[in-house]
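This report describes a protein model and the packing of its helices. The sequence and structure are shown first.

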Amino acid sequence: MKKIYITVLSLVIVSCQNQGKMELQKAKLATVDSMKQVTVDSMNVEFEKQKVIDSMQIEMTKVKDAKIETQKEVVVVNHQAAATTTTTTTKKKGWSGAAKGAVIGAGVGAVTGAIISKKKGQGAIIGGLAGAGVGAGTGAIIDGSKK
């Protein structure tokens, strides 16, 4: 009878040790999976930030190009025997301060909203709208003070 008890007791101990090893292995796999998910999420956030930055750089390049185009002025002078004719081209107006403020505010607000919010897309939209409103208001005030 003692032999049976000893055999059963040794089987229980061996079985508990194996179960502990299996749980440890499952925990390791769960940790690795969660780390992969965190890495993928952080990469997606970085890609979204870079998209916003790239779009803002494109817009700023367009603004600079438009500014350069408006600064070009052509003066043609024709000298004839009795009369002098001067022709000038009209200078195109650039972006207003309100428009510039709205674009810059929308970009900054979208980036900030995406960084702060847990729902990145929704935060970017809300931040972009708020930033555009504040930027347009600020630009309008600056336009008013220039006049």
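## Ala106 in helix α2

Ala106 is partly exposed, at a relative accessible area of 24%; partly exposed lies between buried, under 20% relative accessible area, and exposed, over 50%, using a 1.4 Å probe and protein chains only. This residue, Ala106, belongs to helix α2. Beyond residues up to four places away in sequence, Ala106 touches Gly128, Gly131 and Ala132, contact being heavy atoms within 4.5 Å. Gly127 lies 21 residues from Ala106 in sequence, and their C-alpha atoms are 7.2 Å apart.

## Basis of the model

The model is predicted: local features require pLDDT of at least 70, and side-chain atom pairs count only at pLDDT 80 or more, while totals for chains, interfaces and linings use all residues. Residues are numbered from 1 along each chain as its sequence is written, and side-chain values use heavy atoms, with hydrogens and water left out.

## Overall architecture

The protein contains three helices and two strands, arranged along the sequence as α-β-β-α-α. Helices (H or I, at least four residues) and strands (E, at least two) are DSSP runs, numbered from the N terminus.

Of the 147 residues in the protein, 12% are buried. Among contacts between residues at least 6 apart in sequence, 48% join residues at least 24 apart.

Helix α2 covers residues 97–116, and its 20 residues reach 28 Å from first C-alpha to last, close to the 28 Å expected at 1.5 Å a residue; the expected span is 1.5 Å times one less than the number of residues. Buried positions in α2 are Gly97, Gly101, Gly105, Gly107, Gly109, Ala110, Gly113 and Ala114.

The axes of α2 and helix α3 (residues 120–146) come within 5 Å and cross at roughly 150 degrees. The two helices are therefore roughly antiparallel, a term for angles over 145 degrees. Residues of α2 in the contact include Gly101, Gly105, Ala106 and Gly109, and those of α3 include Gly127, Gly128, Gly131 and Ala132. The contact comprises 10 nonpolar, 11 polar and two charged residues. Here Ala, Val, Leu, Ile, Met, Phe, Trp, Tyr, Cys and Pro count as nonpolar, Asp, Glu, Lys and Arg as charged, and the others, Gly among them, as polar.

## Ile125 in helix α3

Ile125 is found in helix α3 and is exposed, with a relative accessible area of 55%. Ile125 and Val111 are 14 residues apart in sequence, with 9.4 Å between their C-alpha atoms.

Key. Axes fitted to C-alpha atoms, helices over the stretch in contact; angles between N-to-C directions. Parallel < 35°, antiparallel > 145°, perpendicular 65-115°, else oblique.
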